Amino acid sequence: MNPISFIVDIGVGKTIENWLFDQGYSIISISKLNHELSDKDIISLANEKQSVIITMDKDFGELIFKEMLVHSGVLLLRLEDAVAEEKLAVLQNILPKHINDLNNNFCVYQNGKFRIKK
């Protein structure tokens, strides 16, 4: 079992969920749990489970930076129009290099760049 766990938001996809599970990560799939959960409820769940949220939803940035919600980590994949294989390739590139950066940070991947927003 890997030390980090993930909450996979709707839109990220089953391919990533399956790959993370196969890699030994503990995951919670929002699409399987309750696809009607609000973003605030997802953040609360992530805090409760001490999990990093993987999402493609920019609204999480609003909640964290404007509403100052406490979070246990968010990885925002800015991959509009990407197919499942492209999303998976990005995640397979990010995790080995940045796994230790994800907890308690708001991280964004866009245009080939990984950044931690402070």
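Helices (H or I, at least four residues) and strands (E, at least two) are DSSP runs, numbered from the N terminus.

1. What you are looking at. This is a predicted model, in which local features need pLDDT of at least 70, side-chain atom pairs count only at pLDDT 80 or more, and totals for chains, interfaces and linings use all residues. Residues are numbered from 1 along each chain as its sequence is written, and side-chain values use heavy atoms, with hydrogens and water left out.

2. The sheet. Start with the open sheet of six strands, ordered S2-S1-S3-S4-S5-S6 with mixed pairing; two strands pair if DSSP finds at least two bridges between them. Strand S2 (26–29) and strand S6 (113–117) are at the edges with a single partner strand each, so one side of each has no neighbour in the sheet. On average, neighbouring strands here are turned by 20 degrees against each other, direction ignored.

3. Strand S4 (residues 74–78) and strand S5 (residues 106–110) run parallel and are joined by five bridges. Leu 77 has Tyr 109 in S5 as its bridge partner.

4. Helices on the sheet. Helix H1 (residues 14–22) lies across strand S1 (5–8), S2 and strand S3 (52–55), and runs at about 160 degrees to S2. Helix H3 (residues 39–49) also packs on the sheet, touching S1, S2 and S3, with its direction at about 165 degrees to that of S1. Contact means heavy atoms within 4.5 Å; axes are lines fitted to C-alpha atoms, for helices over the stretch in contact, and angles run from 0 to 180 degrees between N-to-C directions.

5. Which residues of H1 are buried? They are Ile 16, Glu 17, Trp 19 and Leu 20, where buried means under 20% relative accessible area, exposed over 50%, and partly exposed in between (1.4 Å probe, protein chains only). These residues cover an arc of only 165 degrees around the axis, which puts them on the same side of H1; the arc is that of the directions from the helix axis to the C-beta atoms. Phe 21 and Asp 22, on the other side of H1, are exposed.

6. A histidine in a loop. His 71 sits in the loop between helix H4 (59–65) and S4. His 71 is buried, with a relative accessible area of 16%. Leaving out residues up to four places away in sequence, His 71 touches Ile 43, Asn 47, Ile 64, Asn 104, Asn 105 and Phe 106.
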